[in-house]
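Please examine the sequence and the structure shown here.

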Amino acid sequence: MARIRPTQVADDGFWDEERPSRGKKAARYAAPVAVAGIAAATIGLVPALASTGDPDLPKISAQELISKMAASDAQQMSGSVKITTDLGIPSLPGGGSIADLGGAQGGDASAAPESKLMELISGSHTLRVATDGPGKQRVSIVENAAEYSMIHNGDEIWAYDSGSNSAYHATAPKGAKAKGDHRQELPKDLRDATPQEMAKTVLSSVDDTTDVTVDGTSRVAGRDAYDLLIKPKQNSDSTIGSVRIAVDADNGVPLKFTLSPKSGGKAIIDVGFTKVDFGKPKASTFDFTPPKGAKVTEEPKADRKDAPKDFGGKDFKDAQGALSGLKVVGEGWDSVARLDTPGGAASPTTPGGDSGPGAASGLLGGFGKEVKGKFGSGTVVSTRLVNALVTDDGKVFVGAVDKDALVKAANAAK
């Protein structure tokens, strides 16, 4: 396989052959389960880039535009994407936010994807993307003096962090293609940080609680587009004001995706192409060989002797038990996820940092607000998009709804 080096953004927004200078390793983030899961799941929502002049395009209905998107078969593409996120994550006492919790752990230089994805939950980032059918994708997060890239080429996945000169390698299981197993593809959270994937997610959940209209036209990345506007119907408890998707007028590909809050102000998440080319990317785009001296981490195999000690053991089963208690109440935009954690708030905490609802409640109390209701008492943690209520008896209610809707759901569950 040909050797390539990590790349910097060229003037045209695509890959070149220059290796960037080493930069500081980007910090890794972690957040409490009450907020992080929903935040990560919605990271791909919404568009960015400014448009210049609205094109005069033939009239089209919302249903026709959605059908055009569904029929789009563009499988080859490359370009640059800008993602800006302002979730309004609360600050901890003394400064810092919950996104900073967990930071870099012990100087671990692994380039594993989970060490980078949480960085996208705040601020502005530039991504470079390329795809050539289902078997070849590349996504790079571009920083000032470094770059993090993930490359999927057939059965191989590579991730490389130029800042720490570390790489991560995974191989698809034997026979995966024949069985339709797609575990070798890029992680869903990273693939979702594009307008196309986020548009699919939102459109799949459109129901009779939603208003969908075509709201004019725009220019995105030099291409004509129709603007599809998706909004909750009146009287919704959702924190979401609207989702706007700019759809390529020629091929139906979503070019821009913007999620705006009901409270007003700038977009919560704004994702869109700044440059895009629907031609076939160069084959070398998907080649990768670790640079000399790079620390390479291999993905653990399920049957390896060195597999994690607790995999399939008590800790893993406890996690499965917690997730099995997940329920969804409400419909459409007003849906609330309910999770009953084992042990309740009485779970012991120790100076050594034992985890459990009691520990979570104490942590959340540092930057949340106490609420009371028929359910008893608990703590609400709010962002501009997602709110979470953790009750003192260990129940978690979370959704893109206002605080009163969470209290109502908790009261009804009592």
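The points below concern the sheet and the aromatic pairs.

This is a predicted model, in which local features need pLDDT of at least 70, side-chain atom pairs count only at pLDDT 80 or more, and totals for chains, interfaces and linings use all residues. Residues are numbered from 1 along each chain as its sequence is written, and side-chain values use heavy atoms, with hydrogens and water left out.

**The sheet**

- Strands count as paired if DSSP finds at least two bridges between them; strand 7 and strand 8 (residues 223-232) pair in the antiparallel sense over nine bridges.
- Strands of a sheet pair through backbone hydrogen bonds, either parallel or antiparallel.

**The aromatic pairs**

- Rings of Phe, Tyr and Trp (its six-membered ring) pair if their centres lie within 6.5 Å; planes under 30 degrees apart count as stacked, over 60 as edge-to-face and the rest as tilted.
- The count by this rule is two aromatic pairs.
- Trp158 and Phe288 form a tilted pair, 5.4 Å centre to centre with 50° between the planes.
- Trp158 lies in strand 5 (residues 156-161) and Phe288 in the loop between strand 11 (269-277) and strand 12 (295-298), so this pair ties together parts 130 residues apart in sequence.
- Tyr160 and Phe288 also form a tilted pair, at 5.7 Å centre to centre and 45° between the planes.
- Trp158, Tyr160 and Phe288 form one aromatic cluster.

Notes:
Helices (H or I, at least four residues) and strands (E, at least two) are DSSP runs, numbered from the N terminus.
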